[in-house]
Amino acid sequence: MRLGEPTLDQLRIFIAVVEHGSFGGAARKMGRAVSAISYGIAQLEAQLAVTLFDREGSRKPVLTEAGEGLLAEARAIADGADALLAKTRSLHSGLESALVLVLDVMVPSDVTARVLRDFRKTFPTVALRLQIEGLGAVAACLLDEEADLAIGGPVIGDNPAFERQVIGGVELIPVASPDHLLAQPNIAAGESRKHLQLVLSDRSPMTEGREFSVLSPHTWRLGDLAAKHALLKEGLGWGNMPNHMIADDLEQGRLVELDLPEKPGDTYPLSALWRRDARPGPAASWLIDAFRSGLRAD
């Protein structure tokens, strides 16, 4: 048996009849005559060599077993065509077809979740890929053209290859477990140098040889902020952590803020960064504004 090739229009007519319960309902929805709907179904049935609707004994067309089996495939083809057309219209309007976003590990995860939820609703045709990096690795993704837009910290903001907009900041707090010696009151100047400091390390060579808020010569270098968090709660040293990540620990007493004379805590500014040879498109510009608003609200 040689089957024909149904058209997209025939599939849309088939779906409309199912969704609106009758040939007349499909005709009204599609702005066509009932005879055109009936002809489209007849042509589709001829192409597929199956009967899609049982028209006997009922005023409404009832799907046959074959019709039931083919409905999901018809919808998938129609949905795919709709997505193709939507993306094509977006390309003609200047909207990016895809976007790679790299975020500094310091960006609050709840802000990221809210922004990306709204992004998906606002730009359903833009394929987004997300990477999470720390320190200089954020810049490395941009320089290597592995990312289109970054939200990164101050250690990479002075690179002449980037354009930069400051959009917010994260408060860093020096903390340790409650039984740590530095958690005692009236700590003397220089005492922090005698204790192990947990330091977030750079996975890239971008900041090689540079130190950021490192006071102690005794350090453990960690490439994972979550691992640093876990070790701090176990009492293995002291270190700076973003406030949003440890707020519950401070409230529950699992960690305490250290009152050190050197005041190593600080605000970690966050900037939107992109390469100077690649200006942000509509979707990337929306992300910059959304992260700015989210960080301020947070």
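Let's start with two helices: the axes of α1 (residues 8-20) and α3 (residues 34-48) come within 9 Å and cross at roughly 115 degrees. That makes α1 roughly perpendicular to α3, since angles of 65 to 115 degrees count as roughly perpendicular, under 35 as roughly parallel, over 145 as roughly antiparallel, and the rest as oblique. The axes here are lines fitted to C-alpha atoms, for helices over the stretch in contact, and the angles run from 0 to 180 degrees between N-to-C directions. Helices (H or I, at least four residues) and strands (E, at least two) are DSSP runs, numbered from the N terminus.

Before I go on, some housekeeping. This is a predicted model, where local features need pLDDT of at least 70 and side-chain atom pairs count only at pLDDT 80 or more, while totals for chains, interfaces and linings use all residues. Residues are numbered from 1 along each chain as its sequence is written, and side-chain values use heavy atoms, with hydrogens and water left out.

Back to our pair. The crossing of α1 and α3 is left-handed, meaning that the near helix is turned anticlockwise from the far one by less than a right angle; clockwise would be right-handed. Which residues of α1 and α3 make the contact? On the α1 side we have Q10, L11, I13, F14 and V17, and on the α3 side A36, I37, G40, I41, Q43, L44 and Q47. Contact, by the way, means heavy atoms within 4.5 Å.

Pick out Q10, which sits in helix α1. Is Q10 buried or exposed? Buried, with a relative accessible area of 10%. The cut-offs are under 20% relative accessible area for buried, over 50% for exposed, and partly exposed in between (1.4 Å probe, protein chains only). Not counting residues up to four places away in sequence, Q10 touches G40, Q43, L44 and Q47.

Now let's zoom out. The protein chain has nine helices and eleven strands. Of its 298 residues, 42% count as buried. If you take the contacts with a separation of 6 or more, residues 24 or more positions apart account for 69% of them. The chain exposes about 16100 Å², and carbon and sulfur atoms supply 50% of that; the areas come from the Shrake-Rupley method with a 1.4 Å probe, and for residues only the protein chains shown count as cover.

On to the inside. In soluble globular proteins, nonpolar side chains tend to be buried together. A nonpolar core here is a set of buried Ala, Val, Leu, Ile, Met, Phe, Trp, Tyr and Cys residues joined through side-chain atoms within 4.5 Å. The largest one has 39 residues, and L101, I151, L287 and F291 touch the most other members. Several elements each supply at least two residues to this core, including β3 (98-104), α5 (109-122), β5 (149-152) and α9 (282-297). Which element gives the most to this core? That's α9, with seven residues. There's also a second, separate core of 18 residues, and V17, A26, L63 and A78 are among its members.

Leaving aside neighbours within four places in sequence, L101 is in contact with L116, L128, R129, L130, Q131, L149, I151, L287 and F291.

F291 is in helix α9 and is buried, at a relative accessible area of 0%. Past the neighbours within four places in sequence, F291 contacts L101, L103, V107, V111, T112, V115, I151 and I167. F291 and V107 are 184 residues apart along the chain, yet their C-alpha atoms are separated by 9.3 Å.

α5 and α9 pack at an angle of about 145 degrees, with their axes 10 Å apart, and their crossing is right-handed. From α5 the contact uses V111, T112, R114, V115, L116, D118, F119 and T122; from α9 it uses A283, W286, L287, A290, F291, G294 and L295.

Most residues other than glycine have a negative phi. A49 has a positive phi of about 60 degrees although it is not a glycine. A49 lies in the loop between α3 and β1 (53-54) and is partly exposed, at 42% relative accessibility. E145 also isn't a glycine and has a positive phi of about 60 degrees. Where is E145? In the loop between α6 (136-143) and β5, and E145 is exposed, with a relative accessible area of 56%.
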